[in-house]
2 protein chains.
Amino acid sequence: MNQFTATYTDQYQLSMAQVYFKNGQKDQQAVFDYYFRKLPFKSGYAIFSGLEDLLEILSTLRFSEDDLQFLKEQGFEKDFLEYLKNLQFKGKIYSVKEGDIVFPTRPILQVEASIIEAQIIETILLNLLNFQTLIATKASRMRLVAGDATLLDFGLRRAQASGGYFATRAAIIGGFNGTSNVVAGKDFDIPVSGTMAHSFVQSYDDELTAFRDFAEGHPENCVLLVDTYNTLKSGIPNAVKVAKEMEGRGQKLMAVRLDSGDLSYFAKESRKMLDAAELDYVKIAASNQLDEHVIKSLLEQQAPIDIFGVGTNLVTGDPDGALDGVYKLAFSAGKPRIKISESIIKITLPHKKQVFRIKDENGKCIGADAIGLYHENSIEEMHHPFEPYKSMSLKHYEQEALLELVMDEGKVLQKKRSLSEISEYSISRLSELPIEYKRFNNPHIYKIGISETLKQERDGLIKMQKNKI
Amino acid sequence: MNQFTATYTDQYQLSMAQVYFKNGQKDQQAVFDYYFRKLPFKSGYAIFSGLEDLLEILSTLRFSEDDLQFLKEQGFEKDFLEYLKNLQFKGKIYSVKEGDIVFPTRPILQVEASIIEAQIIETILLNLLNFQTLIATKASRMRLVAGDATLLDFGLRRAQASGGYFATRAAIIGGFNGTSNVVAGKDFDIPVSGTMAHSFVQSYDDELTAFRDFAEGHPENCVLLVDTYNTLKSGIPNAVKVAKEMEGRGQKLMAVRLDSGDLSYFAKESRKMLDAAELDYVKIAASNQLDEHVIKSLLEQQAPIDIFGVGTNLVTGDPDGALDGVYKLAFSAGKPRIKISESIIKITLPHKKQVFRIKDENGKCIGADAIGLYHENSIEEMHHPFEPYKSMSLKHYEQEALLELVMDEGKVLQKKRSLSEISEYSISRLSELPIEYKRFNNPHIYKIGISETLKQERDGLIKMQKNKI
């Protein structure tokens, strides 16, 4: 649905690029790290999402004629515009696999490219990865509590405009089963489902006729919305009538949907009425301002809900509207680079790096990732990034390198995976994480460490910078 | 940037449409109301935004060949798909002017069309209007407190994916002056601005050389980011040096930008240092997690900040990620329609309607809108929608009809206004609203009333529905 050109960026990327271009630094190679600082939703983990979209977009990203005309009007110079005309992203990308569990302050993805290319793609990279990672994480939390229930995305109408398109994709990665969003279903090959609105029932003079017409039109996947007038006095009795008529035609009513009121109470009462009519196969779907906490509570109350339709809180990531992902320079023009800050956790890590997931002898995740220089094949001793006396020997642990080359010379190296493959991978990775990291209240904090060599490199650069000021 | 086709919708719209089609109800005329129930941000008003985008998209909305192929695979029937192939929105839209101040529970926009057309556009209508209205409102709150300061949108990297494109447009309507978002600037004719990132300074061995190179490359609109190493010991002294060098070339440094630390303190100290160097014309820009409350506080502390760059909290509408706008059936097949609910404020208003803004003899807004039937030219007595003994005579007030026909037979009737025209209109309408409705804490509640005739119609339908159950 979306067509991105290279003007999907912040103006300052182009302002900087023109300076690099004019000063002959355009081919200067740089490494940037993508990472975030804070987990959303007070979650103990996040689900990395958006990578394949990003790679696909980068592989075809260009400035259009229109773009160049606009930039000319903005005062960019002729020779620079000529350069932009032929510009393509020709760099390398190293990344964690899409769907993996990720944690704050360590690189999830690294870009290695000419500094101009690396800067121009910064905005679109952050825009796509921050948002999809946010939503996949939100979805994953609902999947954690929903057990085997079906989770459907109903959010497009309340989404942040066309952001809803990507929200749907990320929801599937996080563990949702389907969506109401037709265009996302079509483009991302996601199961699409949809039934009826209150307006359908209202547009008839009576509910029963509305239900009958709908059942005739959709005998295969008929879901009746039962709360337009009165759920227990009108909606369920009419649904039971129609279900029986459908049985007479050899058909089965798939489900009833509750969209208001106390969902636990109405689900239980509806279930009783359906069962009493020997309609135990008719499922109950519920929607209305759901999120992971409401779903958890409903299931703890043993509300017999089989299908949850989640809208606003899923697709906008309520209450956290953004992941605070950043893109920081680690290396350029042959030298490691650092940004120092008053706030110690904002000090960046220099150099191209590798990240290792630490596992015990049984391959079980111990709750730590360690960051080393890229050429380090494993890390002997992992240091706390800032607290001086905290370190841990990793000699007897397995170490899985997480960053792999996924794009080279601007070409995607990996075969595109289906969303269900990515989602399955995500669920299997999440299953390796001990339960303490998954609880909603004060989850255990996943450890991030750095290698001795990286620590020395960083500390040396900090000292050098401090001496200059 | 965005290409919308008619599959930008929820599947249930199509499921319902197929039933209407098969039952010969496809040309049945319907009226739907768009309104929201709750103001975001504890605001006393909202700014209606998104209308022109919506109308433009509706006027060209079609199902593509791809769309129809996908729907075929989804099991939709052949004659229905044939019908969709030629479907265009041919209805009427009545709307409040884009940029006007709007309030909960009364129609902002009405769609009058065949029930199929009206349903299919529901999702895109809600998606675009809900989000842009949310963001224009957020932006307007910052404009209210920012006085004459320049407000710039820096949010694309943290936006909800391509939702950021529309966020930028809405921010301008709410009173922002420009954006960093190049593609939105290009498509919506918005002033675009951008300077440098920390990475630019880091990519040099020293800050002064970085500043010099940048100033040479951008003498006209040079803004130097001064907090990469140390704002007061390094950033400002280097900026002063470069400003003096620029003066020697007959150029002027435009601004310095602060992006971390205590913005009030650093702005004051920076101002002193700049003024001491006779650089009183150099402006101070500030960014870093700003919102209306932080801007208000900074200005109350008399922080000498001329330009505010706002990102995440603007473009995601933090802390409210969505406006709860709904689209409710009011009339179909020749009859008024109502949805009743346990929750009294969720009961809908039947019939095609008009909304009047009530003003005193001097044309000053008294803080009330009154809803009548569409053919009512004015309202004599306004009733509280649900509290029985509350009413108010409107005989001596002026009444301005707010809903006007903006689309007929699917064609846009009004000439497209520039964003700055819409923004100016918005600011003038907001200036008519008494200050009590604009304060951040417990703003005065704007009154919504209904006419005697509408009240009788609604109450009659409620009674009729209750009798049926």
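This report describes a predicted model under headings that run from the chain arrangement to single residues.

## Arrangement of the two chains

Chain A superposes on chain B by a rotation of 180° with 0.0 Å of shift along the axis, and the RMSD is 0.0 Å. The two copies are therefore related as by a two-fold rotation axis. Within chain A, Gly163(A) has the C-alpha nearest this axis, at 2.2 Å.

The copies meet through the same surface, because 99% of the interface residues of chain A are also interface residues in chain B.

## Domains and the nonpolar core

Chain A is divided into two domains: domain 1 covers 153-315, and domain 2 covers 348-402 + 439-469. Their C-alpha centres are 47 Å apart.

In soluble globular proteins, nonpolar side chains tend to be buried together. The largest nonpolar core here has 306 residues, and Leu84(A) and Leu84(B) touch the most other members. Helix α6 (residues 122-146) of chain B gives the most to this core, contributing 13 residues. Domain 1 and domain 2 of chain A both give residues to the core, so it lies between them. Leaving out residues up to four places away in sequence, Leu84(A) touches Leu14(A), Phe63(A), Leu68(A), Leu71(A) and Ile120(A).

Helix α6 of chain A (residues 122-146) has 25 residues, which at 1.5 Å a residue should span 36 Å; the end C-alpha atoms are 36 Å apart, so the two values agree. Of these 25 residues, 23 are buried, so α6(A) is largely enclosed by the rest of the structure.

Helix α11 of chain B (residues 231-248) has 18 residues and reaches 24 Å from its first C-alpha to its last, close to the 26 Å expected at 1.5 Å a residue. Its buried residues include Leu232(B), Ile236(B), Ala239(B), Val240(B), Ala243(B) and Met246(B). What covers the buried residues of α11(B) includes helices α10 (207-217) and α12 (263-276) and strands β8 (223-225) and β9 (255-258), from chain B. Gly250(B) follows α11(B) and has a positive phi, near 75°.

## Two buried polar residues

Asp369(B) is found in strand β15 (residues 365-373) of chain B. With a relative accessibility of 0%, Asp369(B) counts as buried, because the limit is under 20%. The Asp369(B) side chain makes polar contacts with two arginine side chains: that of Arg106(B) at 2.6 Å and that of Arg357(B) at 3.1 Å. Leaving aside neighbours within four places in sequence, Asp369(B) is also in contact with other residues, among them Phe103(B), Val355(B), Phe356(B), Met382(B), Leu402(B), Tyr446(B) and Ile448(B).

Ser95(A) lies in strand β3 (residues 92-95) of chain A. Ser95(A) also counts as buried, at 0% relative accessibility. Not counting residues up to four places away in sequence, Ser95(A) touches Phe48(A), Leu51(A), Ile108(A), Leu109(A), Leu402(A), Leu403(A), Glu404(A) and Val406(A).

## Backbone exceptions

Most residues other than glycine have a negative phi, and most peptide bonds are trans. In chain A, a cis peptide bond joins Asp318(A) and Pro319(A), with omega about 5°. Pro319(A) sits in the loop between α14 (312-315) and β12 (326-332) of chain A. Chain B has a cis peptide bond between Asp318(B) and Pro319(B), with omega about 5°, and Pro319(B) is in the loop between α14 (312-315) and β12 (326-332) of that chain.

Gln302(A) is not a glycine, yet its phi is positive, at about 55°. This residue lies in the loop between α13 (292-300) and β11 (307-310) of chain A. Gln302(A) is exposed, because its relative accessible area is 67% and the cut-off for exposed is over 50%. Ala333(B), also a residue other than glycine, has a positive phi near 50°. Ala333(B) is in the loop between β12 and β13 (335-336) of chain B, and at 38% relative accessibility it counts as partly exposed.

Conventions
Residues numbered from 1 in each chain as written. Chains lettered and ligands numbered in written order. Predicted model: local features only at pLDDT ≥ 70, side-chain atom pairs only at ≥ 80, totals over all residues. Heavy atoms only, no water. Core = buried A, V, L, I, M, F, W, Y, C linked by side-chain atoms within 4.5 Å. Buried < 20%, exposed > 50% of the residue type's maximum accessible area, 1.4 Å probe, protein only. Helix = DSSP H or I, 4+ residues; strand = E, 2+ residues; numbered from the N terminus. Domains from an automatic or database assignment. Contact = heavy atoms within 4.5 Å. Least-squares fit on C-alpha atoms with pLDDT ≥ 70 in both. Expected span 1.5 Å × (residues − 1). Polar contact = N/O pair within 3.5 Å; in protein donor to acceptor, adjacent residues only side chain to side chain.
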